[in-house]
Amino acid sequence: MNDKSWAARAEEYSLYGFTDLPSVHDRGTIVLTHGEGPYVFDTEGRKWLDANSGLWNMVAGFDHKGLIEAAKAQYDRFPGYHAFFGRMSDQTVMLSEKLVEVSPFARGKVFYTNSGSEANDTMVKMLWFLGRSEGQPQRRKILTRWNAYHGVTAVSASMTGKPYNEVFGLPLEGFIHLTCPHFWRYGNPGESEAEFVARLAAELEDTIAREGADTIAGFFAEPVQGAGGVIPPAEGYFQAIQPILKKHGIPLISDEVICGFGRTGSTWGCETYGFTPDAIISSKNLTAGLFPMGAVILGPELSDRLDTAIEAIEEFPHGFTASGHPVGCAIALKAIDVVMNEGLAENVVKGAPRMEAGLRRIMQKHANIGELRGIGYMWALEAVKNAETKEPFPGKLSVSERIANTCTDLGLICRPLGQSIVLCPPFILTDAQMDEMFEKLDAALTRVFDGLRAEGEA
């Protein structure tokens, strides 16, 4: 019998990813045991409203009976297989049909991975493969944006425009990061939003001219930058950049790992922002968080080109043992049905205005909130030392971590990202639960900002 606490056992034997270690050392690890609806419970019986949906993905909550039954039924029927050597499960075939059906594409093909990171990595390999097979082996450079998050493999981390990847010696050569389309933070003084978008479009043109269009394999973009701090694009951004990419024959890949299946209020984030990409990367909501799965959904042109390239060498030499797993595919089929046909997508559409209004009221109460931004059921409040000048708090104060920790003390889980607090609740949230989220967030902000003022920091 281990007489150590759960927190001590976790810290002794586990490595933490993306975790503020001073907070863990000071406060201990929360070890969870189960969930009910949008709530999670720990080994000490404490309860939290999880306004982060686990990690964006538990959109149907933590105990959806239909999803659990779908998993159980498939485990009983056919508990595991691969998608190699011309063999795959019937669930895999049906999910591919469904993904193309609900995609913006008239036709296409799907390739499965175990995560969004692997899906982005796979898409890059597909583009590199196409370049070599079509006589353009130099077409390898990948364009993304600062503050983008595309994953943690060596390739997808190179795509991710975050400075923390420098500790790994990343990005790899040939990964180019353009300006983040966040007008509030990166617009120049006196620059209109339209002028900002025009500047970013010109930057793209200049980058293509400098690097050479025939060296660029693809442009990857999240419709809303999620782990960058919930950053919607400036108005007209995708309408400005897509014609430039088309002119130069550069595929546009929509990374829908977070945005896909309802988070922005549409099935896909690209639909919300009015553009049709050449391929879609999906994960997270694809299985409502109940199974690790990612998918590359190719539109018609890339499907045809890849088919031709594969035929020439008789196989696509890439894959993962568990990709297209029958249990994961069965869960995904049920999750898509739950989101699209059981009212969850409608909940986001109906609840988003209420969520925005509630967060705006909170912002107006607190002088140290500089911006509220978001769409659908993904929002961020950015803390600032001075709202008028947009001056951030000194990093040493760890203000967003303080807010998140205080929310935790009050029974609410939210996420600190940079200077922002992010809320991306499950799609099942009731009005009363949304009000609970507002109340606890407001109380946490009051406590933290009052403390900062007492310290002379706000």
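Reply: Helix α16 is followed by Gly-456, which has a positive phi near 75°. Helices and strands here are DSSP runs (H or I of at least four residues for helices, E of at least two for strands), numbered from the N terminus. The model is a predicted one, in which local features need pLDDT of at least 70 and side-chain atom pairs count only at pLDDT 80 or more, while totals for chains, interfaces and linings use all residues. Residues are numbered from 1 along each chain as its sequence is written, and side-chain values use heavy atoms, with hydrogens and water left out.

The helix itself covers residues 431-454, 24 residues in all, and spans 35 Å from first C-alpha to last. That is close to the 34 Å expected at 1.5 Å a residue, where the expected span is 1.5 Å times one less than the number of residues. Asp-435 is found in this helix. With a relative accessibility of 36%, Asp-435 counts as partly exposed (buried is under 20% relative accessible area, exposed over 50%, partly exposed in between, with a 1.4 Å probe and protein chains only). From Asp-435 to Ser-420 the separation is 15 residues in sequence and 20 Å in space, C-alpha to C-alpha.

β15 has an antiparallel neighbour in β14 (residues 415-417), joined to β15 by three bridges; strands count as paired if DSSP finds at least two bridges between them. Pro-416 has Ile-421 as its bridge partner in β15. β14 and β15 form a hairpin with two residues between them, and Gly-418 in the turn has a positive phi of about 60°. β15 is also joined by four bridges to β12 (residues 378-383), again in an antiparallel arrangement. In that pairing, Glu-382 stands opposite Ser-420.

Strand β1 (residues 32-36) and strand β2 (residues 39-42) run antiparallel and are joined by four bridges, with Glu-36 paired to Tyr-39. Two residues lie between these strands, and Gly-37 in the turn has a positive phi of about 60°.

Next, the charged side chains. The structure holds 27 salt bridges, each a side-chain nitrogen of Lys or Arg within 4 Å of a carboxyl oxygen of Asp or Glu. One of them joins Lys-141 and Glu-211 at 2.7 Å, N to O. Lys-141 belongs to strand β5 (residues 141-145) and Glu-211 to helix α9 (residues 193-211), so this pair ties together parts 70 residues apart in sequence. Glu-211 is partly exposed, at 21% relative accessible area.

Lys-334 is partly exposed at 24% relative accessibility, as is Asp-337 at 28%. In the pair Glu-356 and Arg-360, the closest N and O atoms are 3.1 Å apart. These two are four residues apart in helix α14 (residues 344-365), and are therefore separated by about one turn. An α-helix has 3.6 residues a turn, so residues three or four places apart point the same way. Glu-356 is partly exposed at 29%, and Arg-360 is partly exposed at 32%. Shared partners link the salt bridges of Arg-185, Glu-371, Arg-373 and Glu-382 into one network; Glu-382 is the residue opposite Ser-420 in β15.

For another helix, take α4 (residues 65-77). With 13 residues, α4 reaches 18 Å from first C-alpha to last, close to the expected 18 Å. Its buried residues are Leu-67, Ala-70, Ala-71 and Gln-74. They cover an arc of only 95° around the axis, which puts them on the same side of α4; the arc is that of the directions from the helix axis to the C-beta atoms. Lys-65 and Asp-76 are exposed residues on the face turned away from the buried side.
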